[in-house]
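Subject: Structure handover

Hello,

Here is the structure for you to look through. My notes on it follow below.

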Amino acid sequence: MRLALAEADIAALEGEVPVGAVVVRDGEVIARAHNRCAASGDPTAHAETLAIREAALSIGARALPDCVMYVTLEPCAMCAGAVRLARLGGVYYGAADARQGCCGSVYRLTEDPALGGLIPASGGVLARECQARLTAFFNALRTLRRSAPLGKE
């Protein structure tokens with residue numbers, strides 16, 4: 001998770017929501033990524049989807065059952081869906097997302113038996129550190145918005 005936190009720090013420096021993800025296979029990091037939505041103009045460029053793409057390319061397979069993901073924020077519906085499609089072996093996340101989290105907070109997309117297969121997800125890994133980065137980022141963003149001069153009309 002510390003490597004995912006380092007990715008989240010890079011995201012914050014780039015003005016992105018500070019979320020980082022790492023994919024591990026047999027104890028080796030095969031992919032790492034951070035949010036790139038703002039920089040790329042792509043709303044799907046979440047850390048999780050980018051890390052899954054990199055992992056699949058790294059091992060030359062679209063199914064990743066012997067891989068696990070560490071991500072600093074609980075995956076949203078899109079990312080939980082990508083986890084399912086990649087058939088990851090599991091997901092460990094830091095901060096829970098009470099508004100959009102789909103690995104336990106709002107819904108358990110990765111563990112829904114109606115979708116076939118079970119992908120275990122577990123939260124709370126370095127949760128305070130993960131949440132602190134998100135809180136600091138959004139507090140700074142709110143402060144910046146409040147202090148920005150109004151444009152002339």
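Two strands pair if DSSP finds at least two bridges between them. Helices (H or I, at least four residues) and strands (E, at least two) are DSSP runs, numbered from the N terminus. This is a predicted model, in which local features need pLDDT of at least 70 and side-chain atom pairs count only at pLDDT 80 or more, while totals for chains, interfaces and linings use all residues. Residues are numbered from 1 along each chain as its sequence is written, and side-chain values use heavy atoms, with hydrogens and water left out.

**The hairpin**

Strand 1 (residues 20-25) and strand 2 (residues 28-34) pair antiparallel, over six bridges. Valine 22 has arginine 32 in strand 2 as its bridge partner. The two strands form a hairpin with two residues between them. Aspartate 26 sits in the turn, with a positive phi of about 50°.

Helix 3 has 13 residues and reaches 18 Å from its first C-alpha to its last. That is close to the 18 Å expected at 1.5 Å a residue; the expected span is 1.5 Å times one less than the number of residues. Glycine 60 follows helix 3 and has a positive phi, near 70°.

Buried means under 20% relative accessible area, exposed over 50%, and partly exposed in between (1.4 Å probe, protein chains only). In helix 3, Ala47, Glu48, Thr49, Ala51, Ile52, Ala55 and Ala56 are buried. Their cover includes strand 1, strand 2, strand 3 and helix 4 (77-86). Contact here means heavy atoms within 4.5 Å.

Look at glutamate 48, in helix 3 (residues 47-59). Glutamate 48 is buried yet has no salt bridge. A salt bridge is a side-chain nitrogen of Lys or Arg within 4 Å of a carboxyl oxygen of Asp or Glu. For charge, Lys and Arg count as positive and Asp and Glu as negative; His and the chain ends are not counted. The nearest side chain of opposite charge to glutamate 48 is arginine 53, 11 Å away. Leaving out residues up to four places away in sequence, glutamate 48 touches Val19, Ala21, Met69, Val71, Leu73, Pro75 and Cys79.

**Helix 5**

Helix 5 (residues 127-147) has 21 residues, which should span 30 Å at 1.5 Å a residue. Its end C-alpha atoms are 30 Å apart, which agrees. The buried residues of helix 5 are Cys130, Leu134 and Phe137. They cover an arc of only 60° around the axis, so they lie on the same side of helix 5. The arc is that of the directions from the helix axis to the C-beta atoms. Cover for these buried residues includes helix 1 (2-13), strand 3 (67-73) and strand 4 (90-95). On the other side of helix 5, Arg128, Arg146 and Ser147 are exposed.

**Salt bridges**

The whole structure holds six salt bridges. Among them are these three:

- Arginine 133 and aspartate 9 meet at 2.6 Å, N to O. The pair links distant parts of the chain, arginine 133 in helix 5 and aspartate 9 in helix 1, 124 residues apart. Arginine 133 is partly exposed, at 25% relative accessible area. Aspartate 9 is partly exposed too, at 32%.
- Glutamate 14 and arginine 36 meet at 3.0 Å, N to O. Glutamate 14 is partly exposed at 40%, and arginine 36 is partly exposed at 31%.
- Glutamate 111 and arginine 108 have their closest N and O atoms 3.2 Å apart. Glutamate 111 is partly exposed at 23%, as is arginine 108 at 39%.

Best wishes
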